[in-house]
Amino acid sequence: MCKWRVFWTCVWLVVYASGDVARAQTAGQQAVASFDQLVRSYNLISLGNASFTSYGDTEGALAVAGNLSLDGGAVATKTPAAGVGPAPTLYAGGNLTLNGTTSLNSGYASTPALGGGWSWDGTQARLSGGGGVLSTINSSDSLARSDPRGNPVPSSWNWTTLADSFKSISATLAAIPPTGTISISGQTLSLLAPVSAQTGDVVTFTLDAGLLSGNTYDGQMFSNVQFNVPAGLNFVVNVINADGKTLFGTGSGINFNQGSGYDALLWNIVAADDGGPTPSVSLGNGGQFFGAVLAPSVNLSNAGGTAVNGQVVAASYTHSGAELHYTDYTPTLVFSAVPEPSTWGACGLGLCFLAVVVRRLRKCRRS
């Protein structure tokens, strides 16, 4: 009798061992990979409203589910596109309020909710309404010559699903115990990875904003925020107890220095799930703020004319007095580069048995 049962057992063993390799991807790696995919190449994704006043320009693209207010300036001055497929570099799902003339420098605009109170001049590539103008003449995109009210919306997007996905990513990251440490030395607050960290690891930190007071954190004085994300690592800072707080304060003399590797840094601002009002958090020291920001349940703003450098996701967003700079969030994702010896052993054992059974099956067919 042919050993079909043994054959299928061996097949299962090989498949199981291979699956064990795939499962080496951690929850943190899956979460940052999902964030990177969902945020596309947008400088800002606001799940509600957004406003920009006295801001100069945004280097990247804007996607706003609700109402968008722009006080002159320019949008998408750096990034030529915002993802794969039809993806506007300026999207407003609700009303659009313009003060003066706003220039769209690359890509195209999509404003599907605007009605007859607006007019489109195809020759000048200008959308006018409410006393303001959106000019798309500086963009080389073919759709920049089309009425934004009829242009494609972000492809394959459902705003409710998108919001739920970002909240799920935030919750997953918040649930990971801290593996890195926050250190203050020489009045510099730093993020330090464990010596055991390997390429592709997601190193997590917990910053308790309730311990921030002026120039101190947990009673220790600091005047500089400095981080250097080592090559090949990903830093996630889970910020808790931040409602009503400003990171890292205005008028307190704290300098947020650029450091290195901030394209692999993600600030996950966690909101308490208590059914209360949406918390409000500001990013500001009157200078710079570096890193991507995930705050899907937070009304986020910059403070003190702080320039934010990174991709931002927020429940709503208010920006004033500085540019919004685009830095592409680029996590290092290395999964199962070196499987466990036991995994290779299981694969090898299964393949050996499989080879033996196949030979016997061939003998069975000849007999």
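Here are some notes on this predicted model, point by point.

1. **Ground rules.** Residues are numbered from 1 along each chain as its sequence is written. Since the model is predicted, local features need pLDDT of at least 70 and side-chain atom pairs count only at pLDDT 80 or more, while totals for chains, interfaces and linings use all residues; side-chain values use heavy atoms, with hydrogens and water left out.

2. **Confidence.** Mean pLDDT (the predictor's confidence in each residue, from 0 to 100) is 86 for the chain, with 81% of residues at 70 or more. One is residues 1-23, for which the model has 31 contacts (heavy atoms within 4.5 Å) beyond four places in sequence. The other is residues 349-354, with nine such contacts. Where pLDDT is low, the predicted coordinates should not be read in detail.

3. **Overall make-up.** I see four helices and 30 strands in the chain; these are DSSP runs numbered from the N terminus, helices being H or I of at least four residues and strands E of at least two. Of the 367 residues, 46% are buried (under 20% relative accessible area; exposed is over 50%, partly exposed in between, with a 1.4 Å probe and protein chains only). The chain exposes about 16300 Å², and carbon and sulfur atoms supply 52% of that (Shrake-Rupley method, 1.4 Å probe; for residues, only the protein chains shown count as cover). Among contacts between residues at least 6 apart in sequence, 64% join residues at least 24 apart.

4. **Helix H3.** H3 covers residues 159-174, so have a look at its span: 16 residues reach 22 Å from first C-alpha to last, close to the 22 Å expected at 1.5 Å a residue (the expected span is 1.5 Å times one less than the number of residues). Its buried residues are Leu162, Ala163, Phe166, Ile169, Ser170 and Leu173. They sit on the same side of H3, because they cover an arc of only 125 degrees around the axis (taken from the directions from the helix axis to the C-beta atoms). As a reminder, an α-helix has 3.6 residues a turn, so residues three or four places apart point the same way. The buried set packs against helix H2 (27-38) and strands S1 (42-46), S21 (234-240), S24 (265-269), S27 (292-302) and S29 (312-320).

5. **Helix H2.** H2 has 12 residues and reaches 16 Å, first C-alpha to last, close to the 16 Å expected at 1.5 Å a residue. Gly28, Gln29, Ala31, Val32 and Phe35 are its buried residues. Their arc around the axis is only 165 degrees, which puts them on the same side of H2. They pack against H3, strand S16 (202-208), S21, S24, S27 and S29. Just after H2, Arg40 takes a positive phi of about 50 degrees.

6. Two bridges join S18 (residues 216-217) to S19, and Tyr217 has Gln220 in S19 as its bridge partner.

7. **Thr102.** This residue lies in strand S9 (residues 101-104) and is buried, at 0% relative accessible area. Leaving out residues up to four places away in sequence, Thr102 touches Tyr55, Leu70, Gly72, Gly73, Val75, Val133, Leu134 and Ser135.

8. **Backbone spots to check.** Most residues other than glycine have a negative phi, and most peptide bonds are trans. Ala76, in the loop between strand S6 (74-75) and strand S7 (90-92), has a positive phi of about 60 degrees and is buried at 1% relative accessible area. Ala125, in the loop between strand S11 (119-121) and strand S12 (126-129), has phi near 55 degrees and counts as buried at 0% relative accessibility. A cis peptide bond joins Leu247 and Phe248, with omega about 10 degrees; Phe248 lies in the loop between strand S22 (246-247) and strand S23 (255-256).

9. **Gly244.** Gly244 is in the loop between S21 and S22, and counts as exposed at 63% relative accessibility. Gly244 and Ser282 are 38 residues apart in sequence and 7.7 Å apart in space, C-alpha to C-alpha.

Conventions: Two strands pair if DSSP finds at least two bridges between them.
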